[in-house]
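I looked up helices, a loop residue, a pocket and some backbone angles, and I note what came back.

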Amino acid sequence: QGYEGLVEGGDNIKQANWLSVSNIIQLGGTVIGSARCKAFTTRAGRLRAARNLVEHGITNLCVIGGDGSLTGADIFRSEWGGLLDELVRDGQISEEVARENCRLNIVGLVGSIDNDFCGTDMTIGTDSALHRIMEVIDAITTTAQSHQRTFVLEVMGRHCGYLALVSGLASGADWLFIPESPPEDGWEDLMCERLGE
């Protein structure tokens, strides 16, 4: 469950094997879970997470997420030495254990359906999101044609119109709204004229 799993520990931290990842490639989303973790935004929460990692001998993390996850990873990395010192002072770990776990290595991977991170062709999650959108468009296109109706489809993307733009191009949409290019005045008349044609 992301940082929530680090903070809570217990059964949330377990070794993955081939069975953990078999038969999931066709699924959307994630099988490891995802959770916003208020506790990890505090030093006390990060201290608990550090204790749980040290207990399992984990000093390498692969963090997949967006701005919040990667910012949290950077803070955690920068505090690591201080967190270990605090655990030693509180008698939760020995100095020897602190020395053995003195370095925290983190790899950050951008997991965002928005595909709005420079330096990569496609962020993790974008492809499966587009795949799902196109499945939905294929399903409603037949209905739209047979009933001679117009359908409005809203896709995810927060402040980024990448998914809307690419799925609009792929499906031959008649009209598209994206945040990067707000509609000009009078768009309603232009859209009605286009649909009327």
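Buried means under 20% relative accessible area, exposed means over 50%, and partly exposed is in between, with a 1.4 Å probe and protein chains only. Helices (H or I, at least four residues) and strands (E, at least two) are DSSP runs, numbered from the N terminus. The model is predicted: local features need pLDDT of at least 70, side-chain atom pairs count only at pLDDT 80 or more, and totals for chains, interfaces and linings use all residues. Residues are numbered from 1 along each chain as its sequence is written, and side-chain values use heavy atoms, with hydrogens and water left out.

I checked the span of α6: its 22 residues reach 31 Å from first C-alpha to last, close to the 32 Å expected at 1.5 Å a residue. The expected span is 1.5 Å times one less than the number of residues. After α6 comes Q148, with a positive phi near 50 degrees.

Next I took α4 (residues 67–89). This helix has 23 residues and reaches 32 Å from its first C-alpha to its last, close to the expected 33 Å. I found a kink of about 55 degrees in α4, centred on W80; the bend at a residue is the angle between axes fitted to the seven residues ending there and the seven starting there. The buried residues of α4 are G72, A73, F76, E79, W80, L83, L84, E86 and L87. They pack against α1 (3–8), α3 (43–56), β1 (60–65), α5 (95–100) and β2 (105–110). G91 follows α4 and has a positive phi, near 75 degrees.

I also looked at T71, which sits in helix α4. T71 counts as partly exposed, at 37% relative accessibility. Its C-alpha is 9.7 Å from that of G108, 37 residues apart along the chain.

Which residues other than glycine did I note for a positive phi? One of them is N115, with phi near 50 degrees; another is N23, near 60 degrees. Most residues other than glycine have a negative phi.

N115 is in the loop between β2 and α6, and N23 is in the loop between α2 (18–21) and α3. Is N115 buried or exposed? N115 is buried, because its relative accessible area is 13%. N23 counts as exposed, at 65% relative accessibility. A polar atom of the N115 side chain lies 2.9 Å from the backbone nitrogen of T123. Leaving out residues up to four places away in sequence, N115 touches D121, M122, T123, T126 and Y162.

Last, I looked up the second largest pocket. It holds about 990 Å³ of space. Its lining has 32 residues, of which F151, V152, L153, A173 and W175 lie nearest the centre. The elements giving two or more residues to this lining are α6, α7 (162–171) and α8 (187–196).

Conventions. Contact means heavy atoms within 4.5 Å. A polar contact is a pair of N or O atoms within 3.5 Å; within protein, one must be able to donate a hydrogen and the other to accept it, and residues adjacent in sequence count only if both atoms are side-chain atoms. On a 1 Å grid over the protein atoms alone, a cavity is a set of points where a 1.4 Å probe fits but cannot get out, and a pocket is an open set with protein on both sides within 12 Å along at least five of seven lines; lining residues have an atom within 4 Å of a point. Grid points are joined across faces, edges and corners, and a volume is the space filled by probe spheres set on the points.
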